[in-house]
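Here is a report on charge pairs, cores and helix packing. Keep the sequence and the model in view as you read.

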Amino acid sequence: SAFHGQTTGDLALKCVQVAPRAMHMLGPDDAALLYAAPPDAFVDYYRGLYGYEPRVYYPSESYTDLTQPLDLIQMALRDSELLERLAMDGKRHGWHIDPFIASSQVYALARRLGMPVCGFSEEAVMTHAVARLNDKALFQFWCRKHRIPTPASVHVVGWENLIDEAQRQFDERGSVMLRRARAAGGLGNCLVNQVTMTAEGTTSVREHLRLKLKPHEEWEHEVILVEPELEILGSPSVLARATGGNVEIIGVIDQVLSGSAYIGGNYPTMEHDVDAWQLMAWTVEYAREHFIPQGGQGWFDIDFGRLRNGTFVAFESNGRCTGNNHGYAVRRRLMSDRSRVHAWTNDALKVAPRTSFEDVLRGV
């Protein structure tokens, strides 16, 4: 609900499947609100890792119909017993809400529970700061104004304009990348080249895009970045947190990509120190001159790409928790001498549908 449109289908399924990763960010006195209870075997595993049991809350209602909008907060607001327990425990522990991403519904939940909210203020949320500060097109405008390199994107709105520009760039280079300005998780990206067209059995750009760009209405009415397919040798991401007027750089993490989709992170970056310092400097500049003045608070990052010639482009900024937060938390909690340890996460490790968590542990 932080953006326009509804979360259904593949993106909804991904949200449900990866939500338990937030448990790794919990301290002994913290709690997580998730879509469902974690398996008992995972709770035992967690206790063995950290020495305490995770405190998890979840609605009695289950999300099973992928055609229906996914909305954890609405599910929670319909569960009076859950709200009563959260309010009582929150008061006892002095909890605040630290959302994955800020929205007006977060504040609706906070009022029901009597808890304060971290990150974006309600005023910033209501004036659409969250959407603006997660918008790839607006991020590019700022970067170009401040001479931070970005992909050579053309911004278009409307289905026929999208088809025309994609066809023009495809005819010029034999490939084209499309990115929805306000999509997340890699599901708003679409690469068109001979390999992807052959894999789908399509013979034209128009046919391929009509097949792949779903939901169609969001691609038709949202700003789309149409840009060259870049050969990326690395994708470092700078994770940071804004508190008031201060900016803390948490770390530089190499994103692991499968095609154009994020699937994990390498901690810490393998980039040279001088390059990492440049990326951090750009991130601090962005935070102080744009993110914070626009109402941004809390977690954010900037995703970069390293090209074959050694230069960098800035792809996007995410004003929210990211796919790297939980991996960073695991590394911080388990490894006292982190300077000597390299860690890698994989959010797309596939197992058979009937494989239990116990089966996974036995295979390690």
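Is lysine 212 buried, partly exposed or exposed? Lysine 212 is partly exposed, at a relative accessible area of 39%. Keep in mind that this is a predicted model.

**Salt bridges**

Lysine 212 has a charged partner: its side chain forms a salt bridge with glutamate 200, at 3.3 Å from N to O. Glutamate 200 sits in helix α10 (residues 194–200) and lysine 212 in helix α11 (residues 205–212), so the bridge ties together parts that are 12 residues apart in sequence. Glutamate 200 is also partly exposed, with a relative accessible area of 37%.

Why can such pairs form? Side chains of opposite charge can pair when their charged atoms come close.

The structure holds 21 salt bridges. Three of them, including the pair above, are set out here.

| Salt bridge | N to O distance |
|---|---|
| Glutamate 53 and arginine 47 | 2.5 Å |
| Glutamate 200 and lysine 212 | 3.3 Å |
| Arginine 306 and glutamate 271 | 2.9 Å |

Take the bridge between arginine 306 and glutamate 271. This pair links distant parts of the chain, 35 residues apart. Arginine 306 belongs to strand β11 (residues 298–307). Glutamate 271 is in the loop between β10 (261–267) and α13 (273–291). How accessible are the two partners? Arginine 306 counts as partly exposed, at 24% relative accessibility. Glutamate 271 counts as buried, at 12%, because the cut-off for buried is under 20%.

In the bridge between glutamate 53 and arginine 47, glutamate 53 is partly exposed, with a relative accessible area of 48%. Arginine 47 is partly exposed too, at 33% relative accessibility.

Salt bridges also form a network, which links Lys136, Arg179, Glu227 and Glu316.

**Nonpolar cores**

Which residues touch the most other members of the largest nonpolar core? They are Ile97, Phe120, Tyr286, Phe291 and Phe300, in a core of 48 residues. Helix α13 supplies the largest share of this core, with 8 residues.

Tyrosine 286 shows what such a position looks like. Setting aside neighbours within four places in sequence, tyrosine 286 is in contact with Leu133, Phe139, Trp142, Phe291, Phe300, Ile302 and Ser317. Of these partners, Phe291 and Phe300 are also among the core residues that touch the most other members.

There is a second, separate core of 17 residues. Its members include Leu162, Val176, Leu178 and Cys190.

**Helix α2 and its cover**

Helix α2 spans residues 40–50. Buried here are Ala41, Phe42, Val43, Tyr46 and Tyr50.

What covers the buried residues of α2? The cover includes α14 (325–334) and α15 (357–363). Just after α2 comes glycine 51, with a positive phi of about 85°.

**Packing of α4 on α5**

Helix α4 (residues 80–93) packs against helix α5 (residues 104–113) at an angle of about 70°. The two axes are 9 Å apart. The angle makes α4 roughly perpendicular to α5.

Which residues meet there? Leu83, Leu86 and Ala87 come from α4, and Leu109, Arg112 and Leu113 from α5. By class, the contact has 5 nonpolar residues, no polar ones and 1 charged residue.

Terms used
Residues numbered from 1 in each chain as written. Predicted model: local features only at pLDDT ≥ 70, side-chain atom pairs only at ≥ 80, totals over all residues. Heavy atoms only, no water. Salt bridge = Lys/Arg side-chain N within 4 Å of Asp/Glu carboxyl O. Buried < 20%, exposed > 50% of the residue type's maximum accessible area, 1.4 Å probe, protein only. Helix = DSSP H or I, 4+ residues; strand = E, 2+ residues; numbered from the N terminus. Core = buried A, V, L, I, M, F, W, Y, C linked by side-chain atoms within 4.5 Å. Contact = heavy atoms within 4.5 Å. Axes fitted to C-alpha atoms, helices over the stretch in contact; angles between N-to-C directions. Parallel < 35°, antiparallel > 145°, perpendicular 65-115°, else oblique. Nonpolar A, V, L, I, M, F, W, Y, C, P; charged D, E, K, R; others polar.
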